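Subject: Structure for you, with notes

Hi,

Here is the structure you were waiting for. My notes follow below it.

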Protein chains: 2
Amino acid sequence: MKTFHSLLFALILALVSLDPSSGYSRRKDERIIREYKREQELNHAKIARDLVHRANWAAVGSLSTNERVKGYPMVNIISIDDSDANNRSTGRIRFLLTDLDFTGPDWQKDNKVTLLFSDEQTLRCKEGGKDPMEPTCARSMISGQVKKMDPSDKSYQPSLDAYVRRHPAAINWVKAHNFYLCELEISNIFVLDFYGGPHKVSASDYYAVSN
Amino acid sequence: MKTFHSLLFALILALVSLDPSSGYSRRKDERIIREYKREQELNHAKIARDLVHRANWAAVGSLSTNERVKGYPMVNIISIDDSDANNRSTGRIRFLLTDLDFTGPDWQKDNKVTLLFSDEQTLRCKEGGKDPMEPTCARSMISGQVKKMDPSDKSYQPSLDAYVRRHPAAINWVKAHNFYLCELEISNIFVLDFYGGPHKVSASDYYAVSN
């Protein structure tokens, strides 16, 4: 099944091949194609950024240390936020963890996690008549390492403030349960937003998206 | 933080200890406590069953075989259904997989998966004013093995029919993409529905819940 994008790309290639190219125009064509591909990459990055910013939570996979499911992947729900002081998207995925829950002990044993974001979390697919497993129901899988944030770092308090604005219940978590603020250090991003398989997005393209 | 259940249990224990027990009444007390604990277990099983039946999809963790995130847990979205011919809950979690997606190749390399279900998938927590990470926003993590269903088995066609009723888009998946129907063989169930940590539910208690 061909994607709209790959069809468009094929069309551009067809137009290019009709052109009686000189050396100069071939370089120009290559530049056009390169720019087109770059633009597509940024679109996928934007989709990932939008998914993250709209989501209040992520399904987080970790390598389980729980004795009942040791060696299994565990999937837990964690509340997330990526907002700056003006509630704008930064792409920086922050969350509170506690060692009393599943994810806390897991990442400290083997620091590899994946966060799933889907447009179905906010029922956008259901409302648009799309099945949650259809590739047109946009999703992003963002893998990386959990990084405990340093309370003495100047970004710490604004990040926590933004998090608590989004998740008012977190006031009690911080008080009662030794929750600690973390950020995801992103190592890989997959985006599915149409037929034709997942797209890879680099962390730098993801962070470079402006609002 | 004490749970309502554990407070109730402590109260029962206190009443028991006020009782000038004979050997006979101690046995009776033990029976009462055993029955109380059994009832609680079934409540947690019922919560897991209700979460599964309400959900159209699960966040599925697998051990990734994708070369970009090898050794990581992958988390994917899969459409699920557990209905019988009358759309009643059976607890049997069925889903279509394809080897073109992430989960397909993963389970065939190492058959350990965990499915997350949360009341926030249907926005029940948001609408009830509960943060998705609060333990009162009920969730269940169900771990086990993927079992490919046998098309010649008599349960196959009714299961596929129920699945397609729930997920009409699946008609095209089966036609075009070599999707295959699977069922989860459950090896462990965790349920969080209140403060005080996760509850373990056995697969037999889970399946024993009647509607």
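Which residue does a disulfide join to A:C125? A:C137, with 2.1 Å from S to S. (A disulfide here is a pair of cysteine sulfur atoms within 2.5 Å.)

Some ground rules. This is a predicted model, in which local features need pLDDT of at least 70, side-chain atom pairs count only at pLDDT 80 or more, and totals for chains, interfaces and linings use all residues. Residues are numbered from 1 along each chain as its sequence is written, chains are lettered from A and ligands numbered from 1 in the order in which they are written, and side-chain values use heavy atoms, with hydrogens and water left out.

Disulfides

Over all chains there are two. In chain A, the S-S torsion of A:C125 and A:C137 is about 90°, so the link is right-handed. A:C125 sits in helix α4 (residues 124-127) of chain A and A:C137 in the loop between α4 and β5 (139-148), so the pair ties together parts twelve residues apart in sequence. (Helices, H or I of at least four residues, and strands, E of at least two, are DSSP runs numbered from the N terminus.) A:C125 is buried at 2% relative accessibility, and A:C137 is buried at 0%. (Buried means under 20% relative accessible area, exposed over 50%, partly exposed in between, with a 1.4 Å probe and protein chains only.)

In chain B, B:C125 and B:C137 form a disulfide, with sulfur atoms 2.1 Å apart. That link is right-handed too, with 90° about the S-S bond. Both B:C125 and B:C137 are buried.

Symmetry

A 180° rotation with 0.0 Å of shift along its axis puts chain A on chain B, RMSD 0.1 Å. The two copies are thus related as by a two-fold rotation axis. (Superposition is by least squares on the C-alpha atoms of residues with pLDDT of at least 70 in both.)

Pockets

The largest pocket holds about 570 Å³ of space. (A pocket is an open set of points on a 1 Å grid over the protein atoms alone, where a 1.4 Å probe fits, with protein on both sides within 12 Å along at least five of seven lines; lining residues have an atom within 4 Å of a point. Points are joined across faces, edges and corners, and volume is the space filled by probe spheres set on them.) Its lining has 25 residues, with A:T98, A:L100, A:D101, A:H177 and B:P135 closest to the centre. Helix α6(A) gives the largest share, three residues.

The second largest pocket has about 450 Å³. Among its 20 lining residues, A:P135, A:Y195, A:G196, B:H177 and B:F179 lie nearest the centre.

Best wishes
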